[in-house]
2 protein chains.
Amino acid sequence: MTTQQTPLSAQELALFNKWWGAANYLSVAQIYLLANPLLRENLTLEQTKPRLLGHWGTTPGLNFLYLHLNRIIREQKKSILFVAGPGHGAPGVVASTYLEGTYTEYFPEVTQDFEGLERLVKQFSFPGGIPSHAAPTTPGSIHEGGELGYSLSHAFGAVFDNPDLIAACVVGDGEAETGPLATSWHSNKFLNPATDGAVLPILHLNGYKIANPTVLARISSDELLALFRGYGYTPILVEGHEPDLMHQKMAVAMDQAFASITAIQKKARETGDLTRPLWPMIIMRSPKGWTGPKTVDGLRTEGYWRSHQVPFSDLTKPGHLELLGEWLRSYKPETLFDEKGTLLPEIRALAPHGELRMSANPHANGGALKRPLRLPDIKDYAVSVTSPGGVNGESTRVLGTWLRDVMRDNLASRNFRVWSPDENNSNRLGAVLDATPRAWDAETFDYDDHLAPDGHVMEILSEHTCQGWLEGYLLTGRHGFFSCYEAFIHIVDSMVNQHAKWLKTAKEVPWRRPIASLNYLLTSHVWRQDHNGFSHQDPGFIDHVINKKADIARVYLPPDANTLLWVTQHCLKSWDRVNVIVAGKQPEPQWLSMDAAIKHCKQGIGMWEWASNDEGSEPDLVMACAGDVPTLETLAAVSILRHHVPDLKIRVVNVVDLLTMMSHDQHPHGLEDAEFDSLFTLDKPVIFAFHGYPQLIHKLIYKRINARNFHVHGFREEGTTTTPFDMTVLNHLDRYHLVLNAVRRVPKLADRAAYAAQAVRDKLVEHRLYVDAHGEDMPEIRDWKWLEK
Amino acid sequence: MTTQQTPLSAQELALFNKWWGAANYLSVAQIYLLANPLLRENLTLEQTKPRLLGHWGTTPGLNFLYLHLNRIIREQKKSILFVAGPGHGAPGVVASTYLEGTYTEYFPEVTQDFEGLERLVKQFSFPGGIPSHAAPTTPGSIHEGGELGYSLSHAFGAVFDNPDLIAACVVGDGEAETGPLATSWHSNKFLNPATDGAVLPILHLNGYKIANPTVLARISSDELLALFRGYGYTPILVEGHEPDLMHQKMAVAMDQAFASITAIQKKARETGDLTRPLWPMIIMRSPKGWTGPKTVDGLRTEGYWRSHQVPFSDLTKPGHLELLGEWLRSYKPETLFDEKGTLLPEIRALAPHGELRMSANPHANGGALKRPLRLPDIKDYAVSVTSPGGVNGESTRVLGTWLRDVMRDNLASRNFRVWSPDENNSNRLGAVLDATPRAWDAETFDYDDHLAPDGHVMEILSEHTCQGWLEGYLLTGRHGFFSCYEAFIHIVDSMVNQHAKWLKTAKEVPWRRPIASLNYLLTSHVWRQDHNGFSHQDPGFIDHVINKKADIARVYLPPDANTLLWVTQHCLKSWDRVNVIVAGKQPEPQWLSMDAAIKHCKQGIGMWEWASNDEGSEPDLVMACAGDVPTLETLAAVSILRHHVPDLKIRVVNVVDLLTMMSHDQHPHGLEDAEFDSLFTLDKPVIFAFHGYPQLIHKLIYKRINARNFHVHGFREEGTTTTPFDMTVLNHLDRYHLVLNAVRRVPKLADRAAYAAQAVRDKLVEHRLYVDAHGEDMPEIRDWKWLEK
C-alpha cells in the first residue's frame with residue numbers, strides 16, 4: 001500500500017480501533033446491561049435488561065463514521081453536523097457523544113466515571129430513560145429517524161444559508177428505499193456552493209432491513225455507481241470488513257471527499273462560478289452488526305438480517321449470557337477505561353474540542369441561534385375596505401406583496417425562505433420573486449426567469465422534499481413559510497406528525513431552545529378547486545393537525561386579505577407551533593378594514609355587528625362561519641333572510657382562529673364557556689358554515705351547552721369539475737341551503753318552511769340550468785354584493 | 001437514413017401525422033371550444049368556453065405515444081394498458097380513445113359524427129362533464145393522475161400475475177420529482193419475467209412544470225442515462241421536435257423496446273432463467289406544447305412553461321381568437337374528418353380492434369375480471385377460548401396461519417398478494433411465507449430465506465410503493481391485504497384519499513364494475529409501541545379514513561384473535577371499500593370463543609353479558625371499549641369495581657365495528673337510535689375506553705341522546721419509551737383511571753370518590769416505582785386475569 005492509501009499511522013490505527021471498540025462496547029452495553037457496565041463482576045442475568053431494544057445492526061457503522069468524521073474535524077476544523085438516518089441508531093450516537101464528553105455536559109448526572117456509565121447503560125430504552133432513536137434528547141441531533149425517509153432533506157435544509165456548515169448525513173440502505181429519500185438526492189440541484197454549506201451523504205450499505213435484504217445492496221456495483229452519478233454525485237466506494245483495512249480506506253475516502261468539498265467551495269467563492277459541481281458522496285459497504293457475534297445458536301448473524309435489532313434476546317437460553325459476556329469482552333473494556341471508569345485520555349484525544357464536537361454543534365440546537373424576522377407593518381399592505389364586501393381582492397396575492405418585503409428586509413440575514421411544490425405562482429405569491437429568485441443550480445437557458453443559485457424561493461415538485469428542507473432549516477434556527485394546494489398537503493401528514501412529536505419532546509428537554517414555527521398556507525382550497533376536480537378537493541388536513549398537542553396545533557381561517565395579513569405575521573412571530581392557515585387565492589369580497597381585521601383576529605372569533613341585527617339582544621338565530629367561501633355564503637344567506645324576514649334577529653359570528661371553538665380546558669385558545677355561551681347563546685339554533693368536514697365542528701364543541709343546536713354545513717366529500725358555486729350546492733354549503741336550514745330551525749319561522757323549501761328548490765333548478773348552458777355561475781351569484789349599510 | 005432508422009414508409013408517415021393531428025386537434029378543441037367543433041363556421045367568442053382548463057403542455061406527447069403504441073399493438077397483437085402519469089392529460093387520452101371508437105361504445109351519446117364531436121368538446125372540463133384527468137370516466141384508465149407520483153407503481157401493480165399484459169406507463173418529468181415516483185423505478189426488482197407481465201416506462205421529458213423547469217430536463221444526458229441505468233433499465237433516448245424525424249425515431253425505439261421485452265420474457269419462460277433482466281425504458285424529450293403556438297403576445301410559448309396549461313386564456317384579447325383559429329386550422333380538420341364529422345377510415349385504420357384497443361383493455365375495468373377468493377373456514381383456525389381471558393394469544397400470529405392458507409388456496413389463481421413495508425414478520429404474519437416466498441428478483445445469496453421471483457409476499461421499505469402496487473393490483477381485478485405499523489400508515493394518507501375518491505366516482509360510472517376492497521391491518525399499534533417510543537405511537541389513521549364517504553370507509557377494532565379472523569375474512573369478501581382493521585400482535589387475553597366472536601362481529605357492537613352484572617335491568621354505569629388494549633383495561637377496571645362495589649350494576653359494551661357508533665342516517669353501519677339508546681341508556685354515565693384519539697368518539701356520537709354522558713379515554717398524544725401499561729397510564733386509559741372516572745360519574749358512589757382517588761394515586765405510585773426499578777410492568781399487571789365466571 002502507498003502512503004496515499006494508508007493515511008493512518010500504526011499508532012493512529014491502534015487508537016482508532018480503541019475508540020471504535022469503546023463506542024461499540026458502550027453501544028452493546030446500553031442495549032443489554034442494567035448494571036455492571038465495565039464487566040468488573042461476573043455478568044449475571046439480573047444485570048441485563050428484561051426487554052432488549054435498540055438496533056445493533058447499524059450501530060458499529062455509525063460509530064465508525066463518527067470517528068472518521070472526528071478525524072477530519074480535528075485536522076481541518078470543519079463545522080460538521082451529524083445526521084443519523086438509520087432507525088434506532090441511538091446506541092451508537094449516544095455512545096459517541098458520551099465519549100467526546102458532550103453528553104455529560106448536557107446531562108451532568110451521566111458522569112465520566114463508573115457511576116455515569118451505570119446511568120448511561122441503564123437509561124437506554126428503559127422506562128423513564130431515552131429512546132432508541134437519535135431523539136431531541138440526543139446532543140447534536142436535529143433528526144429523530146423514528147420514521148425513515150427524511151435524513152437527507154433535513155441535512156440539506158440545515159446547510160442552506162449556512163456556508164460554513166457541512167452536514168454529514170448517514171443514509172441507511174433501508175431508508176434509501178423510501179420515496180422521500182429517493183428523490184431527496186436531487187437536492188444538490190438547489191444548493192449554492194458559495195452561500196450555502198455542503199452535505200456529505202454517506203450511504204450505509206449494510207445489506208438488510210428488519211427481515212429482508214435491501215434493494216441497493218443487491219444490485220451490481222456498476223448499477224449502484226451509475227445511480228449516484230445519475231443523481232449528480234461523485235460516489236466514493238468504501239467496501240470491506242477487516243477493520244484495519246477499512247479504517248485506511250475510510251480515511252482515504254474522507255480525505256478525498258472533504259478535499260473535494262473544499263475545492264468546490266473555494267472555486268465557487270473565489271471565482272463566482274456557481275455552476276453545479278459534482279459533490280462527493282461516500283458509499284460504505286460493511287457487514288450488518290459488524291464485530292458482533294458471527295453466529296448465534298449456529299445461525300448466521302453478523303452480516304445478516306439477524307443482526308438488525310438485537311442479535312439474540314432470550315438471555316435465559318443456554319450459552320446466551322456467556323455469549324454476551326464474550327462479545328462485550330471482545331472490545332477489551334479494561335484497555336479503554338481507567339480504574340474510575342473514565343475513558344483513557346489518549347483515546348479521548350481523538351475527539352475534537354468544544355463546539356467543534358458534532359454533538360455540540362450550535363446549529364443542532366437552532367433555537368439558540370434564532371433571530372426574529374423583521375416584519376414590515378401589515379397596515380402598509382392593507383386592502384382599503386370602506387364598506388364590507390364593497391371591494392374584491394385576491395387574498396394571497398395581497399399577502400404576496402407583504403411576503404416580498406419580508407423577504408427583502410431579511411435577505412441580508414439569510415434566514416428566511418419560502419417553499420412550495422411548484423405552486424408559488426399558482427398560489428399567487430409570485431411577488432416574492434421580485435425580491436429573490438427561485439433557488440436553482442441545474443442547467444439554465446437564457447430565456448429562463450427567476451432562477452438562480454442564490455434564490456430563496458424553494459420549489460421542487462415534491463411536497464416531501466419541501467417539507468424536509470423546511471424542517472431542517474427551522475431546526476437550525478431559521479424561518480420559513482410553506483404554501484401548498486390544500487388537498488395535497490396530506491402528502492406530508494406523517495412528516496407533520498413527526499415534527500409535532502419532535503416539538504413536544506424538545507419542549508421537555510431543558511437545553512433545547514424554541515424554534516420558529518412550521519407555517520403552512522393552504523390555498524387553492526377545496527371550494528375553489530372546482531376547475532381541477534374531485535382529486536384536488538380535500539379539506540382534511542385541519543382534522544389531522546388538530547389531533548396534535550394543544551400547545552402545538554393552530555388553525556386559522558382568515559376570511560379576507562386583511563385578516564390573512566394579520567394571521568400570517570402572527571404566525572411568523574410564533575415559535576414551536578404548527579400553524580395552518582387556509583385562505584383563498586381567487587377574487588372574493590373583502591369584509592374588514594385593517595383596523596377591524598386586527599381587532600377581529602386578536603379575538604380570534606367575534607360577532608360581526610355590521611352584518612347582524614340582534615343589536616345586543618338575544619338573537620333568534622346565530623349564523624356562524626369559518627373560512628372565506630363559508631363566510632361569503634353565510635352573508636349571502638343572511639341578506640336573503642333579512643330581506644324576506646326583516647324582524648328575524650340574526651347574529652353573525654365569524655371564526656378566524658378555529659381552536660377558539662374548543663373548551664378552554666382542552667386548548668389554550670379555547671373560549672371560556674361564558675364567552676362561548678354569550679356568543680352562541682344557550683339554546684338558539686346556530687347554522688354554522690364551515691370550510692372543512694362538518695363533523696370537525698361537532699368534535700370541537702361537544703362540551704358546550706348549546707352543542708346540540710349547532711347545524712354544521714361543510715364539505716361532504718362531494719366534488720367534481722364544476723363551477724365554484726355549484727361546489728357549495730353539491731355540499732349544501734350554499735346560501736340557499738343555509739337559508740332553508742335556518743328557516744327550519746327557528747321555531748317562529750315554522751310556518752314558512754314549506755314555502756322556503758320550494759323557493760330554494762326553484763333557485764337551485766334555475767342555477768343548474770344556467771350552469772349547464774353557460775358553464776359558469778349565474779351573474780347574480782358571481783357578482784353578489786353585501787348591500788347592508 | 002437506413003431502413004432500420006426509418007421503419008415507417010412515406011405513406012405510413014403521412015397517416016401517422018394525420019392521426020396525431022386529429023388527436024391534437026380534438027385536444028385543443030376540447031380545451032377551448034363549446035361548439036363549432038370542426039371549424040365549419042367562423043370561430044366566435046361565444047363558441048369558446050368561459051373558463052379554459054386542461055393542460056395542453058403534455059397532451060401532444062401523450063397523443064404521439066398513444067399512436068406509436070397502437071402501431072405495436074396492430075403489428076404484434078400485444079395487450080397493452082396505457083397509464084398516463086402526467087397531470088391533466090385527459091384532453092389527449094380522451095381524444096385518442098374517441099378516435100379509436102371506444103369512447104363512443106362507452107358513452108353512446110358521444111357519437112362518431114358532428115353531433116358527437118359537439119358533445120365531446122363541450123363536456124370536457126365543463127360543469128356536469130368530465131374532468132381534466134384520466135379519471136374513472138376515461139375508458140382504459142386505472143390511474144387518475146390528479147395527484148402525482150403513483151403512475152409507475154400502479155403500472156407494476158397491474159402487471160403482477162398478468163403475464164400477457166404490458167403496462168405502457170408515461171411518467172411526466174414533473175411527476176418524476178416526487179418521492180413516491182422516484183423510488184418506484186426500483187419495482188423492476190420485484191417483477192418476475194415469467195409469471196408477471198412487463199412495464200414499459202416512458203419518461204416524458206418536456207422540460208417544465210407549472211412555472212419551473214424540471215430537474216431531469218436540466219441535467220446532462222450522461223447523468224440522465226446513468227440514473228436510469230442505475231435504476232436497472234436500458235434507457236432508449238428519443239429526442240427532437242421535427243415530427244417526421246421523431247415518428248421514425250419513436251418507431252425505432254418502440255420496436256427496440258418491445259423486441260427487448262419479448263426476448264426477455266421468452267428467455268425467462270422458455271429457459272426458466274429468472275435472473276433480473278435489464279428491462280427497456282424510453283425517454284422522450286420533446287417540446288412542451290409541441291405543435292402549439294410558438295409565441296403568444298411575443299412571448300416564448302412552445303417548448304416553455306407557458307404551454308403547461310393553456311397557452312393563452314383570455315380570448316377577448318386582440319388577436320387571441322384568431323390565434324386559436326389558426327392553431328386549430330393548422331391541423332387541417334377538413335382533411336381528417338368526413339362531411340358527417342366521422343374520422344376518415346384510413347386514419348381510423350391505425351387503431352387496433354376490439355379489446356386490443358388500449359381504451360378497451362379488459363384489465364382496465366378490473367372489477368369485471370375479479371373472481372372471489374377461496375377462503376378457508378375461520379373456525380379451523382380459532383383459538384380455543386373456554387373462559388373469557390382464560391388463555392393468551394397473539395392475534396396477528398393466529399391470523400397469519402389463516403392468511404397462509406388463503407394464500408395457499410388461491411395460489412393457482414394468482415390473484416392474491418399480501419403487502420408490507422418490511423414488516424410482515426414483525427407484524428407476526430410470518431406464516432404466509434410457508435405458502436409463498438417474498439417476491440424478489442434482485443441478487444440472492446445461498447443463505448437468503450424466502451426470496452424468489454415468483455413470491456406473493458410484497459415487501460419494500462416504501463409504504464408508497466406497497467400502496468401503489470396494491471392499488472394497481474386491485475384495480476385490475478385482484479385481491480390484497482396490507483399490514484403496516486399503525487403510526488406509519490399516515491405516510492400514505494394522501495394515496496388513500498385519492499383511491500377513495502376513485503372508488504366513489506367509479507361507482508357513479510355505469511360500466512365500471514366493483515373491485516376488491518383496499519384492506520389494511522394496522523398492528524404494532526400505539527399501545528404496544530411502548531418500546532419503540534413516541535415516533536411510533538399514532539392512532540390517527542382512523543380519523544383520516546372516517547372522513548371518506550360513508551359507503552366506502554369501514555373501521556374495525558377486533559379485541560382478540562377470533563374476532564380478528566372474522567373481521568378479516570369479512571373484509572376480504574367485500575368490494576369497493578377501504579377497510580381498516582386495528583389489532584394487536586403481542587400476547588394478550590382472548591375473550592370470545594369462535595361462536596361468540598361470530599355473533600359479536602356480525603352485530604359489530606354488543607353487550608358482553610358475561611362481564612356485566614346488570615342482568616337485563618338498567619345499569620348504573622356503562623363501561624364501553626373499542627380496541628384490544630382498551631378492552632383489557634376496561635375488563636380490569638370492571639373487575640376492580642365489582643370487587644369493591646358488588647351492588648354496582650355495570651354493563652360492558654364492546655365495539656368491533658366503530659362506525660356502529662355513528663347515527664344511522666350518517667352511515668349504513670350506524671345503529672338506529674333505539675338500539676343505541678338501549679345499549680348505552682338515555683342518561684347513565686358511559687366510560688368509554690377507546691383505541692384512538694378520544695374526541696373521535698364524540699364526533700361520531702354527537703347526535704345521540706346520551707352523548708353528554710360519554711367520558712372517553714384514549715390517546716392524548718403522550719408517549720415515550722416505556723412499558724405497555726405505563727403507556728395507558730400516561731394517557732389515562734389504564735384500569736385505575738377508568739375506575740376513578742367511573743366512581744366520579746355514578747351519583748351513588750359520590751361519597752367514595754375521595755377514597756378512590758387516593759387509592760388510585762397509591763396504585764400509580766406503586767406502579768411507577770416498580771417500573772423504575774425493574775423496567776417492566778408489575779406482575780399483577782402483566783399476568784392479570786379476568787376471574788369472573
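Colleague: Leaving aside neighbours within four places in sequence, which residues is A:Glu302 in contact with?

Modeller: This is a predicted model. In it, A:Glu302 is in contact with A:Pro287, A:Lys288, A:Gly289, A:Trp290, A:Thr291, A:Gly292, A:Pro293, A:Lys294 and A:Ser307, once neighbours within four places in sequence are set aside.

Colleague: And where is the place of A:Glu302 in chain A?

Modeller: A:Glu302 sits in the loop between β7 (299–300) and α10 (320–329) of chain A.

Colleague: Does A:Glu302 count as buried or exposed?

Modeller: A:Glu302 counts as buried, because its relative accessibility is 15% and the cut-off for buried is under 20%. A polar atom of the A:Glu302 side chain lies 2.8 Å from the backbone nitrogen of A:Thr291.

Colleague: How many residues does the contact take from each chain?

Modeller: The contact takes 124 residues from chain B and 124 residues from chain A. Of the interface residues of chain B, 100% are also interface residues in chain A, so the copies meet through the same surface.

Colleague: What area is buried between them?

Modeller: About 9,800 Å² is buried between chain B and chain A, and carbon and sulfur atoms give 52% of that area. On the side of chain B, the residues that lose the most area to chain A are B:Arg218, B:Leu461 and B:Lys501, together 7% of what that side buries.

Colleague: How many salt bridges are there between chain B and chain A?

Modeller: There are 16 salt bridges between chain B and chain A. A:Asp530 forms a salt bridge with B:Arg51, with the closest N and O atoms 2.6 Å apart.

Colleague: Which elements of chain B give two or more residues to the side that touches chain A?

Modeller: They are α7 (179–184), α8 (221–230), α14 (493–507), α15 (541–546), α20 (695–701) and α23 (753–774) of chain B. The largest share comes from α14(B), with seven residues. By class, that side of chain B has 46 nonpolar, 40 polar and 38 charged residues.

Colleague: In which helix does B:His737 lie?

Modeller: B:His737 lies in α22 (residues 735–745) of chain B. At 15% relative accessibility, B:His737 counts as buried. The B:His737 side chain makes a polar contact with the side chain of B:Asp734 (2.5 Å).

Colleague: Lastly, how far apart are B:Gly157 and B:Glu471 in sequence and in space?

Modeller: B:Gly157 and B:Glu471 are 314 residues apart in sequence and 6.8 Å apart in space, C-alpha to C-alpha. B:Gly157 belongs to helix α6 (residues 151–159) of chain B and is buried, with a relative accessible area of 0%.

How values were computed
Residues are numbered from 1 along each chain as its sequence is written. Chains are lettered from A and ligands numbered from 1 in the order in which they are written. This is a predicted model: local features need pLDDT of at least 70, side-chain atom pairs count only at pLDDT 80 or more; totals for chains, interfaces and linings use all residues. Side-chain values use heavy atoms; hydrogens and water are left out. Contact means heavy atoms within 4.5 Å. Buried area is the accessible area (1.4 Å probe) that two parts lose on being put together, summed over both. A salt bridge is a side-chain nitrogen of Lys or Arg within 4 Å of a carboxyl oxygen of Asp or Glu. Helices (H or I, at least four residues) and strands (E, at least two) are DSSP runs, numbered from the N terminus. Ala, Val, Leu, Ile, Met, Phe, Trp, Tyr, Cys and Pro count as nonpolar, Asp, Glu, Lys and Arg as charged, and the others, Gly among them, as polar. Buried means under 20% relative accessible area, exposed over 50%, partly exposed in between (1.4 Å probe, protein chains only). A polar contact is a pair of N or O atoms within 3.5 Å; within protein, one must be able to donate a hydrogen and the other to accept it, and residues adjacent in sequence count only if both atoms are side-chain atoms.
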